[in-house]
Amino acid sequence: MKYYEGSTTALVVQKNEKWLYLNAAALQLLGYSDAYELEGKSIWETIHPIEKQKVIKRIEASINGVNPGALIQRWRKKDGSFVSVEVLAIPVENFLGQTSAIIKEVDQERKNVQDMYDHYDLITENMNEIISLLDANGRLLYVSPSYRKYARNRIEDEIGRSSIRYVHEEDVEYVRAEFAKLVDSREPLIIKYRMKRKDGVYRYIESQGTCILNENECSYVVVSRDVTEKHYAEMKLQLNEKKHRMILEHSNDLICMMNLEGTSVYASPSYKEVLGYEQEEVVGKDILTFIHAEDFEKCQKAIQTLTETKQPITTVYRKVHASGHNVILEAKGMPVTDGDGQVNHFVFISRDITEKIQLEQYRENIEKLALIGDVAAGFAHEVRNPLTSIKGFMKLLAKEQREDDRMYHQIIEGELAKIEEVVNGFISLAKPEASEVAEVSLLKLIKNAINVLTPQAASKNIRIHISSQLKSIVIRCQKNQMKQVFINILKNAVEAIEQDGQINILLEENCNDVNIEIHDNGVGIEEERLERIGVPFYTNKEKGIGLGMTVSNKIISEHKGSLRIESKPGEGTRVYIQLPRKGN
């Protein structure tokens, strides 16, 4: 001690964490004039408490004769300020429990460097991620204190050991192979695997490895974090997505998602089956694409209401199938919100209700026609009997009449004939001429109807043309009744053409139905009159009783088909008939 008394080198000695000796240079460095001010007092009154754990470890090492090396620390001076000093321990193995150290003030640059290292140590000590430094063989050169959850021994004892010793046995080969890639390519990589904690629980770990090149040699920094909760959340999300995707892909409903700009961003595979469009034909287009022109405005208003109110809406509309026919859909639109509750999309779930609507219309039609038929049967019965008597007596009176009165007699007979035509029409409506249900050629049936009207059509120079995609289309029907339907419709078409016209008949067949379209270029029908077509006794003709279309509608309905008429004045009339295929 006497050697250091007059030395300019500052020396301190402690025992049991109390100052045993400080030479004059040390006292001067700390701002003290007399040793008694510090000797016997706790060293922690001088050394900053933040250094406590490090200092204790260094004291233990010095007592055991191990050189802990130099360390820059912050010490408190007498005036309360702090000074940065480099502490160089003098390791002397002893049983007295005392240690000696040489201290000297460091310059600002070294202080800044040490502060930086201290900050790194502080961050490393308290972070949840595991920071490790590996050699090319995957052995630990360094590992952060957070590794203690997995280390079976002290952190210091893990240095030099394999970094994958606690990895799940099923993941070991995968981790080893990925680390080999990192060594070979020196390109950063991220892997996920399982690692066993010292409590026996396996956790999912995500590690990012990076090559650090130093003088042509690589060491490998690996940052690892526990992602177990994230892994299970992702697995749950993937399971839900898979389940929802299975539902979407196997649902018969049309499911479409629209963004705030009104563009479709998702369309379910069912679009192909229901509407005949591939998903890519729908996604990226305006949500109102393929909407029937007559329903466009209604759907536009419904979407506007949905986007403004953010409340679910339901609407019925038509979309045009890829093949050209209409499909009736019932859609429910709902807003989709993000995690903050903000609406970012709208989803529409649409169901094909075409058959349901057609069935309802068919039932209504049947009920209506049945009622008309009952009334017609009763009326015809009440009128026909007295009509027969009147005609008989008229024949008897005709024999006794003079030649001059013959003209009046003919007028009465003509009026009676008209009444009889009305009665016969009622009888046809109540009970059309029955025949056996059989499979017949649709083309042949229509040609037979055309033959009946050929003389009348020829007198007006009207051409009748048939176009069919197939040479033979067979339907099951009562032949005479169905023939009467085509006669009635073609007769209306011929009478609607004044001169030099044309009637086109188009026959098509799909999976379930046969479609017949009869188009004439006659005078057409006004909209208000078109709505009343098929109403008994309503007719556009000077001569006629207005039962032809009513009877035709009844026959088609009884064959489980449908009849629809479209017409515009000056553009002619189109009659659409849909009948079940053979065997339906």
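Here is a tour of the chain, one selection at a time.

**Before you click**

This is a predicted model, in which local features need pLDDT of at least 70 and side-chain atom pairs count only at pLDDT 80 or more, while totals for chains, interfaces and linings use all residues. Residues are numbered from 1 along each chain as its sequence is written, and side-chain values use heavy atoms, with hydrogens and water left out.

**The whole chain**

Colour by secondary structure to start: the chain has 16 helices and 22 strands. Those labels are DSSP runs numbered from the N terminus, with helices (H or I) of at least four residues and strands (E) of at least two. Of the 584 residues, 37% count as buried, where buried means under 20% relative accessible area, exposed means over 50%, and partly exposed is in between (1.4 Å probe, protein chains only). Taking contacts in the chain with a separation of 6 or more, 52% come from residues 24 or more positions apart; contact here means heavy atoms within 4.5 Å.

**Stop 1: a loop with a positive phi**

Asn16 sits in the loop between strand E1 (10-15) and strand E2 (18-22). Its phi is near 55 degrees, a positive value in a residue other than glycine. Most residues other than glycine have a negative phi. Asn16 counts as exposed, at 59% relative accessibility.

**Stop 2**

Strand E3 (residues 70-76) pairs with strand E4 (residues 82-90) in the antiparallel sense over seven bridges; two strands pair if DSSP finds at least two bridges between them. Look across from Arg74 and you'll find Ser84 in E4. The hairpin of E3 and E4 has five residues between the strands, and Gly80 takes a positive phi near 95 degrees there. E4 also pairs with strand E5 (residues 98-105), antiparallel again, over six bridges. On that side, Ile90 stands opposite Ser100 in E5.

**Stop 3: Ala151**

Buried or exposed: which is Ala151? At 1% relative accessibility, Ala151 counts as buried. Ala151 is in the loop between strand E7 (140-143) and helix H5 (155-158). Leave aside its neighbours within four places in sequence, and Ala151 is in contact with Glu158, Tyr166 and Lys198. Draw a distance from Ala151 to Lys198: the two are 47 residues apart along the chain, with their C-alpha atoms separated by 6.5 Å.

**Stop 4: the five-stranded sheet**

Five strands form an open sheet in the order E12-E11-E15-E14-E13, with antiparallel pairing. Strand E12 (264-267) and strand E13 (313-320) are at the edges with a single partner strand each, so one side of each is left without a neighbour in the sheet. On average, neighbouring strands of this sheet are turned by 30 degrees against each other, direction ignored.

Zoom in on E13 and strand E14 (residues 326-337), which pair in the antiparallel sense over eight bridges. The bridge partner of Lys319 in E14 is Val327. Then show helix H10 (residues 296-309), which packs on the sheet and touches strand E11 (254-259), E13, E14 and strand E15 (343-352). The direction of H10 makes about 145 degrees with that of E13; angles run from 0 to 180 degrees between N-to-C directions, and axes are lines fitted to C-alpha atoms, for helices over the stretch in contact.

**Stop 5: two packed helices**

Helix H13 (residues 442-459) and helix H14 (residues 479-496) pack at about 40 degrees, with their axes 9 Å apart. That makes H13 oblique to H14; angles under 35 degrees count as roughly parallel, over 145 as roughly antiparallel, 65 to 115 as roughly perpendicular and the rest as oblique.

For the contact, show side chains including Leu445, Ile446 and Leu453 in H13, and Phe486, Ile487 and Leu490 in H14.

**Stop 6: towards the end of the chain**

Glu527 is in helix H15 (residues 527-530) and counts as exposed at 59% relative accessibility. Its C-alpha atom is 8.5 Å from that of Pro569, 42 residues away in sequence.

Finish at Lys560, in the loop between helix H16 (548-558) and strand E21 (562-568). Lys560 has a positive phi, near 60 degrees, and is exposed with a relative accessible area of 64%.
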